[in-house]
Amino acid sequence: MTVWGGEINYEKANYNGAFVHAFVDGNQIVEIAPTDHEAWGAAYPANGRAVQFEQVEVYGANNFAHELVNAAYYTAYKMNEYGMFPSLAQSDGTGSLWSHHDVTRYIANGKTTHTDPDGYWTNRASRYFGTSYTMNDFFELVKYEYSHL
């Protein structure tokens, strides 16, 4: 079991209140549930219409960079599997790529106040690379991965 196996066990035991389809870190992608099942990680209406994964906190520049690539690959792979093309979340509810923060801003109507992964990405990108990392950056990486499937 990985060092984050406890998170997987927690989600399996609490799937009615906190549940995502997969976990991603710098080394692997672990899908714990079929992605056609509703997740409980982002609030309605995102729960019923999104493949959701949790990025596990990693340390070190190499681990963080690999985690981002793994997350982008998983996202692109699932988009391709479902016949979707990468497009950023929009305030009118359209778009195929949503962060938890996008759900909070655009469609949750107060059902969630989460802003992840913004803080995590900002912290790690600043600490390890002296720069920022945003949803726009992730979108570019997803498009890259999608184009190479």
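In which helix does Tyr73 lie? Tyr73 lies in helix α2, where helices (H or I, at least four residues) and strands (E, at least two) are DSSP runs numbered from the N terminus. The model is predicted: local features need pLDDT of at least 70 and side-chain atom pairs count only at pLDDT 80 or more, whereas totals for chains, interfaces and linings use all residues. Residues are numbered from 1 along each chain as its sequence is written, and side-chain values use heavy atoms, with hydrogens and water left out.

Tyr73 is partly exposed, at a relative accessible area of 35% (buried, under 20%; exposed, over 50%; partly exposed, in between; 1.4 Å probe, protein chains only). Together with Tyr77 and Leu149, Tyr73 forms a nonpolar surface patch of about 280 Å² accessible area. Such patches are made of residues with over 30% relative accessible area and no salt bridge, nonpolar side chains (Val, Leu, Ile, Met, Phe, Trp, Tyr) being joined within 5 Å and like charges within 9 Å. A salt bridge is a side-chain nitrogen of Lys or Arg within 4 Å of a carboxyl oxygen of Asp or Glu. Accessible areas come from the Shrake-Rupley method with a 1.4 Å probe; for residues, only the protein chains shown count as cover.

Seven aromatic pairs were found in the whole structure (ring centres of Phe, Tyr and Trp, the last by its six-membered ring, within 6.5 Å; planes under 30 degrees apart stacked, over 60 edge-to-face, the rest tilted). The ring centres of Phe53 and Tyr74 are 5.9 Å apart and the planes at 90°, so this pair is edge-to-face. Phe53 belongs to strand β3 (residues 53-55) and Tyr74 to helix α2 (residues 61-81), so the pair ties together parts 21 residues apart in sequence. Phe53 is partly exposed, at 24%, whereas Tyr74 is buried, at 5% relative accessibility. Ring pairs also link Trp121, Tyr133 and Phe138 into a cluster.
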